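User: I'd like to learn how to read aromatic pairs in a model. Could you walk me through it?

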Amino acid sequence: MNHIPSPDVLFPNEYGTTCFLKNCITAPNITVEDYTYYDDAGDPAGFERNNVLFNYPEFGDRLVIGKFCAIASGTQFIMGPANHRLSSVTTYPFSVFGGAWSERVPDHLSQLPRKGDTVVGNDVWIGRESVILPGVTIGDGAIIAAYSVVSRDVPPYTVYGGGPARLLRRRFDEELTALLLAWRWWDLPPEELLEALPLLCDPDLERVRLRLRELCGPVPGSAS
């Protein structure tokens with residue numbers, strides 16, 4: 001019988017530096033799907049405490065991370081409450097210091113700009129020490145280069161890097177990208193995924209393309 005790794009263990013291998021994040025998340029506004037891991041030699045299970053900054057669930061924004069993502073050491077997700085009020089003469093947060101100041105101004109959280117949820121798709125690789133700013137969406141299959149600052153949405157199957165991060169290249173052509181998005185290998189049942197692993201790791205992309213055409217059929221919007 002095949003021993004398929006379980007997504008329900010905290011430390012999935014003997015190294016102790018990699019943890020499946022869904023098993024150490026407690027905040028109600030953070031969702032992480034199966035097999036997404038964070039790698040850190042110090043405290044990988046402390047991801048929520050050390051790497052998700054300014055997270056106040058009452059503010060209303062969420063961090064949503066899909067399946068099979070690889071998040072490298074030092075990556076930080078900045079949540080909406082890190083922002084300051086931009087609509088007035090000063091950005092200074094008087095209300096957080098209490099006293100007479102707080103009696104003269106609205107509640108701090110109510111004044112902050114709303115960027116929306118931060119969403120990371122499936123099979124995303126985020127390089128070491130990257131910073132993901134509030135309200136960003138990173139598409140399926142994207143790669144974020146190390147030490148990047150992601151301040152805008154990242155399309156699927158692209159490579160972004162720099163500060164602020166910009167498009168470096170597209171990983172695949174239009175057709176192969178469309179086929180991969182249609183296939184959604186990350187949603188395969190465990191036994192089917194096991195059978196698909198050779199295809200997923202095959203460097204012969206033309207062979208992969210031909211097989212995906214068989215699996216998915218014509219994909220709207222792609223040139224075949």
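This is a predicted model: local features need pLDDT of at least 70, side-chain atom pairs count only at pLDDT 80 or more; totals for chains, interfaces and linings use all residues.

User: How many aromatic pairs does the structure hold?

Analyst: It holds 12 of them. To read one, check the ring centres and then the angle between the planes; between the stacked and edge-to-face ranges, a pair counts as tilted. Take phenylalanine 68 and tryptophan 185: their centres are 4.9 Å apart with 55° between the planes, so this pair is tilted.

User: Where in the chain do those two residues sit?

Analyst: Phenylalanine 68 is in the loop between strand 5 (63–65) and strand 6 (70–71), while tryptophan 185 is in the loop between helix 3 (174–183) and helix 4 (190–200). They're 117 residues apart, so the pair links distant parts of the chain.

User: Is tryptophan 185 buried or exposed?

Analyst: Buried, because its relative accessible area is 9%, under the 20% cut-off. Phenylalanine 68, at 21%, is partly exposed.

User: Which angle do the rings of tyrosine 157 and phenylalanine 172 make?

Analyst: Their planes are at 50° and their centres 5.7 Å apart, so that pair is tilted. Tyrosine 157 lies in the loop between strand 13 (149–150) and strand 14 (158–162), and phenylalanine 172 in the loop between strand 15 (165–170) and helix 3, so the pair ties together parts 15 residues apart in sequence. Tyrosine 157 is buried at 3% relative accessibility, and phenylalanine 172 is buried at 18%.

User: Which residues do ring pairs link into a cluster?

Analyst: Phe20, Tyr35, Phe68, Trp185 and Trp186.

User: What sits over the ring of phenylalanine 59?

Analyst: That's the charged end of arginine 114, 3.9 Å from the ring's centre.

How values were computed:
Residues are numbered from 1 along each chain as its sequence is written. Side-chain values use heavy atoms; hydrogens and water are left out. Rings of Phe, Tyr and Trp (its six-membered ring) pair if their centres lie within 6.5 Å; planes under 30 degrees apart count as stacked, over 60 as edge-to-face and the rest as tilted. Helices (H or I, at least four residues) and strands (E, at least two) are DSSP runs, numbered from the N terminus. Buried means under 20% relative accessible area, exposed over 50%, partly exposed in between (1.4 Å probe, protein chains only). A charge sits over a ring if NZ of Lys or CZ of Arg is within 6 Å of the ring centre and within 35 degrees of the ring normal.
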